[in-house]
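Me: Can we go through the charged pairs in this one? Keep it short, please.

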Amino acid sequence: MPPEQQKDLVRRYQEILNSGELAALGEVVATDISMPTAFPGFPSGLEGARAIAAANRQMIPDFHVRIEDLIAEGDRVAAFITITGTHTRDMLGIPPTGKAFSVVGMSMFRFAGGKIVEHRGVGDIVSVLQQIGALPSFA
């Protein structure tokens, strides 16, 4: 698959996550997608991808990912992202604060058969916790 098509699939993946239309994830994600950096306790594969996205939207209804940069090489695409949202519901046992947050993250996608077969992502959870007031700021 050409690099531009891979980038388009990553963009579509983020659109689906941002819209909450999680039934559409099967358009871009393989049924056996691997997500080695996901929170533990979620099912594997496409079902797990949907469950993780639903959990994010449950905790943070206005959860939004903005792609800042995409780099494609071979069967992989790296994405530099900004994640924003407002802590209006219980999140990982932390009562709602009503505070907004904005953090950066990185995702790596691997492709096979025209779909995303692996997604590894990291985000600055410490910064999220500081911005919502659940951790002290060290600045």
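**Salt bridges**

Reply: R110 forms a salt bridge with E118, with the closest N and O atoms 2.8 Å apart. A salt bridge here is a side-chain nitrogen of Lys or Arg within 4 Å of a carboxyl oxygen of Asp or Glu. This is a predicted model: local features need pLDDT of at least 70, side-chain atom pairs count only at pLDDT 80 or more, and totals for chains, interfaces and linings use all residues. Residues are numbered from 1 along each chain as its sequence is written, and side-chain values use heavy atoms, with hydrogens and water left out.

Me: Is E118 buried or exposed?

Reply: E118 is buried, because its relative accessible area is 8%. Buried means under 20% relative accessible area, exposed over 50%, and partly exposed in between (1.4 Å probe, protein chains only). R110 has 26%, so R110 is partly exposed.

Me: How many salt bridges are there by this rule?

Reply: The count is 8.

Me: What does R12 pair with?

Reply: R12 meets E27 in a salt bridge, at 3.1 Å from N to O. The pair links distant parts of the chain, 15 residues apart. R12 sits in helix α1, and E27 in the loop between α1 and β1 (29-34). Helices (H or I, at least four residues) and strands (E, at least two) are DSSP runs, numbered from the N terminus.

Me: And where do D8 and R11 lie?

Reply: Both are in helix α1 (residues 3-19), 3 residues apart, about one turn of the helix. D8 is partly exposed because its relative accessibility is 44%.
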